[in-house]
Amino acid sequence: MAFKLGYCALRWRNPDLEPALEALKKSGWDGWECRLPLDWLGPASRIRQICDNVGLPMAVYTAQGSPEISGWEHRERNKRRIDFAAEMEVDCFMYMSGPKPKDRDITEDDIKQAAEAADNWADYAAQYDLELSYHIHTNLLVDSKEDWTLYMQHLKKAKLCIDVSHAQLWDYDAAQSLRDFQDQLNYVHLQDWADENITRDAEGRFTPQWVSVGVGRALDFPDLANVLEDTGYDRWVTACPGAPAYEGEDAINEATRSAKMYQYCRGAGY
């Protein structure tokens with residue numbers, strides 16, 4: 001089957017949005033993931049019109065900071081992002097966990113409280129029938145296969161975005177993770193790295209050289225596509241570009257260059 005295939009515009013900062021999306025559309029993508037700030041985007045009516053003009057929907061919008069970060073202002077800013085996501089009728093609202101605590105080890109209570117905070121956000125989004133999606137990511141509060149499993153046990157309302165590259169970095173076989181969490185899965189990220197045998201550095205961080213999907217050899221992307229088909233997954237699959245962006249490259253040129261990654265993904269079964 002052909003999945004709905006999106007492009008993650010995580011490197012865009014202040015893009016000339018309509019021509020950039022036109023370039024993405026020309027490259028073949030079905031939709032895009034947006035992380036841009038509201039003061040750049042403007043009202044949802046404006047962005048809906050741009051997306052309609054191009055024929056490229058916003059598939060996913062993201063949080064700014066994590067649910068477990070306390071403070072009224074932080075919560076209110078993200079409520080406005082949830083409001084915007086709902087007006088855009090995105091498929092889900094994506095977030096990541098926050099930073100690790102300083103000068104102490106992570107505890108089970110940290111993981112439990114983080115999941116509860118995410119479910120509080122999910123309660124707010126529920127008024128719009130909008131799902132949250134927790135994006136697994138290395139080097140943050142949840143930073144191991146064991147912590148991820150524990151977090152998902154406590155997560156009752158928010159759902160899950162598996163980034164297959166981060167699962168693999170945690171030594172959680174990416175294909176198996178898609179099967180294990182299929183009931184909570186509502187979004188998938190494809191990402192790749194160039195290095196082999198990645199380990200944590202002296203500070204406990206993973207520092208891979210990220211590359212566009214299909215350039216590295218870290219994952220068996222055709223096999224992962226087969227797993228998604230076998231499990232009946234039918235939501236968005238989004239591919240991430242390599243880092244950093246080429247020096248001086250703007251969003252339009254990056255979108256044009258992304259055609260090669262799109263073609264690889266379709267050829268791999270997505």
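Asp103 lies in the loop between β4 and α5 (108-126), where helices (H or I, at least four residues) and strands (E, at least two) are DSSP runs numbered from the N terminus. The model is a predicted one, in which local features need pLDDT of at least 70, side-chain atom pairs count only at pLDDT 80 or more, and totals for chains, interfaces and linings use all residues. Residues are numbered from 1 along each chain as its sequence is written, and side-chain values use heavy atoms, with hydrogens and water left out.

Most residues other than glycine have a negative phi. With a relative accessible area of 83%, Asp103 is exposed; here buried means under 20% relative accessible area, exposed over 50% and partly exposed in between, computed with a 1.4 Å probe on protein chains only. Glu89, also not a glycine, has a positive phi of about 55 degrees. This residue is found in the loop between α4 (72-88) and β4 (92-95), and at 68% relative accessibility Glu89 counts as exposed.

Helix α4 also takes part in a helix pair. Two packed helices are described by the angle between their axes and the distance between the axes. Helix α3 (residues 44-54) packs with α4 at an angle of about 40 degrees, the axes being 9 Å apart; axes are lines fitted to C-alpha atoms, for helices over the stretch in contact, and angles run from 0 to 180 degrees between N-to-C directions. The two helices are therefore oblique to each other, given that angles under 35 degrees count as roughly parallel, over 145 as roughly antiparallel, 65 to 115 as roughly perpendicular and the rest as oblique. On the α3 side, the contact (heavy atoms within 4.5 Å) is made by Ala44, Ile47, Arg48 and Cys51, and on the α4 side by Phe84, Glu87 and Met88.

A further loop, between α6 (145-154) and β6 (159-163), holds Lys157. Lys157 is partly exposed, with a relative accessible area of 47%. Not counting residues up to four places away in sequence, Lys157 touches Asp119, Ala122 and Asp123. The side chains of Lys157 and Asp123 are joined by a polar contact of 2.8 Å, that is, a pair of N or O atoms within 3.5 Å, of which, within protein, one must be able to donate a hydrogen and the other to accept it, residues adjacent in sequence counting only if both atoms are side-chain atoms. The C-alpha atoms of Lys157 and Asn120 are separated by 8.5 Å, although these residues are 37 residues apart along the chain.
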